[in-house]
Amino acid sequence: MNILIVDDQQFVREAIKADLAESTFKHDFKTFEAEDANQGIEAIVAAEGNIDLLILDLKMDNSDGMEVINFLSVHASYTDIPLAVISSSDKRTLGLVNSIASSLKLNVVGVFEKPINMDFILAETVRLQRQNDKKWDVESPDSVSDYDIHQLLDDEQVLLCFQPQVDMKSKDITGFEVLARMYDENGYIYPDTFLPLIDKAGLNVDFTKIIIAKAFKFWAHEKTLSSYTLSINVTAEDLSSDNLIEYIIRHKQAHANIKLILELTESQEIINQASVLNSIARLIINDISISLDDFGKSYSTYERLDTIPFNEIKIDRSFVCDIDTNEQHHLIVESTIALAKKMSVSVVAEGIETESVLNILGELGCDIAQGYLYSPPIEGRYLKAWVNRYVHKDEIA
Amino acid sequence: MSHNTRDNLRDFFNRYSETRRLSLYQALVKELGNIRGQTKCVDSTDSFNSLKHQFKGICRYTCLEFDAQIDAIMTPAQLYSAVDNMFGHAVAIEDEL
């Protein structure tokens with residue numbers, strides 16, 4: 001796989017190469033380097049466009065990434081090159097460049113702030129190429145077999161990402177939701193692929209245990225994160241396992257300072273079973289908060305609110321993402337927030353991608369925001385850096 | 001730049017295998033040295049901003065995520081001081097890598 005890195009800073013190029021070497025993707029990466037736009041263009045021409053990923057710095061000494069973008073746009077044979085623009089510039093500039101590159105019909109993987117998450121960019125590139133039905137001889141996730149899932153779990157090939165949750169009023173970070181990715185030699189395997197296989201193999205509890213263990217270990221190690229809540233998804237089926245409940249409670253007791261929230265997905269029908277309710281009671285007694293995830297998706301949502309003392313509800317993203325244009329969704333979200341207020345339950349809205357949606361949720365009295373507007377899920381090793389950047393973003397120069 | 005710069009540098013290099021660490025370290029020290037040297041003879045706002053931008057890129061990569069503090073650097077002397085400080089920390093951890 002040919003990767004061209006165009007960046008004027010040797011240190012950044014070395015860091016990208018190091019990230020590629022440590023990547024969960026086990027491709028044979030062949031990297032080419034250029035330190036300005038002209039060299040970058042020369043490299044593209046020399047390779048006759050045979051580049052599987054172009055990583056392009058936006059602001060370089062004596063030149064800028066726009067020169068390369070404009071070059072690609074006027075040479076039809078190069079417009080298909082997957083393009084990842086990287087920069088330390090502010091988000092508005094990055095957004096503008098994204099719009100320009102997309103309007104020029106380039107094959108844009110994305111526009112990314114430094115430091116970049118190389119695995120994420122590679123995963124996005126694979127996804128984009130699949131979408132375009134192009135090259136990249138990568139095993140389809142659909143072909144991951146049950147045996148692979150057993151093996152992946154045995155090897156704990158699970159990577160944790162964390163998506164921030166932000167207080168709507170103060171804009172302070174309140175916590176993070178843990179989102180798992182599995183990986184094999186081809187890179188990330190996303191939940192919509194591996195969760196059904198785990199379910200089919202009857203490995204839900206084993207999987208949740210791995211998540212709990214890894215998340216607690218990470219949170220306990222990163223002391224600066226201890227003030228934030230740590231939200232982990234569990235299913236009602238998980239709560240049927242006494243063994244898992246004991247496991248979770250043991251971890252919580254060993255790390256009393258970790259503010260654990262279990263997000264209970266509501267798609268299973270067994271939630272009202274006595275054993276499940278008993279488990280929830282035990283968790284609450286042990287200072288573990290319960291959040292009702294995907295609120296609104298199931299017909300029995302309100303019954304559960306009545307039965308279980310949830311601390312928080314999360315409004316499903318399908319209702320949130322378009323409340324600025326969908327009147328019905330606006331009404332549903334408005335009613336849900338009003339109900340939650342009356343029950344003194346905190347409301348988290350997930351799937352926020354635009355300022356417009358954020359502003360409406362603020363007007364409706366939503367408590368906590370989560371979504372790509374703030375950040376996509378962040379791989380653990382980059383989390384501390386993201387927090388530092390977010391916390392210091394408003395400091396006056 | 002006072003936020004445990006040395007610890008953050010250690011953390012950064014420890015993410016990588018030993019073979020990678022050396023080339024990364026050499027690139028870092030070389031680049032910091034270049035920026036520091038060029039800061040001494042800055043002759044325009046553009047060149048000052050360019051050096052500041054390069055320093056910001058390095059800080060982000062090494063998890064010294066203090067954009068606001070870097071944005072607060074208004075003069076070549078301030079930039080020199082910040083770069084020199086980081087250079088000193090980088091040199092100090094060389095034996096640990």
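Among the contacts in chain A between residues at least 6 apart in sequence, 69% join residues at least 24 apart, two residues being in contact if their C-beta atoms, placed from the backbone, lie within 7 Å. The model is predicted, so that local features need pLDDT of at least 70 and side-chain atom pairs count only at pLDDT 80 or more, whereas totals for chains, interfaces and linings use all residues. Residues are numbered from 1 along each chain as its sequence is written, and chains are lettered from A in the order in which they are written.

Chain A comprises 15 helices and 17 strands, taken as DSSP runs numbered from the N terminus (helices: H or I, at least four residues; strands: E, at least two). Of its 397 residues, 42% are buried, that is, have 20 or more other C-beta atoms within 10 Å of their own.

Beyond four places away in sequence, Ala84(A) touches residues including Leu53(A), Ile55(A), Val109(A) and Phe112(A).

Between the chains, 23 residues of chain A are in contact with 25 residues of chain B. On the chain A side, α1 (10–21) and α15 (380–391) are the elements that give two or more residues, and α1(A) gives the most, with seven.

Notes: Buried ≥ 20, exposed ≤ 12 C-beta atoms within 10 Å, placed from the backbone.
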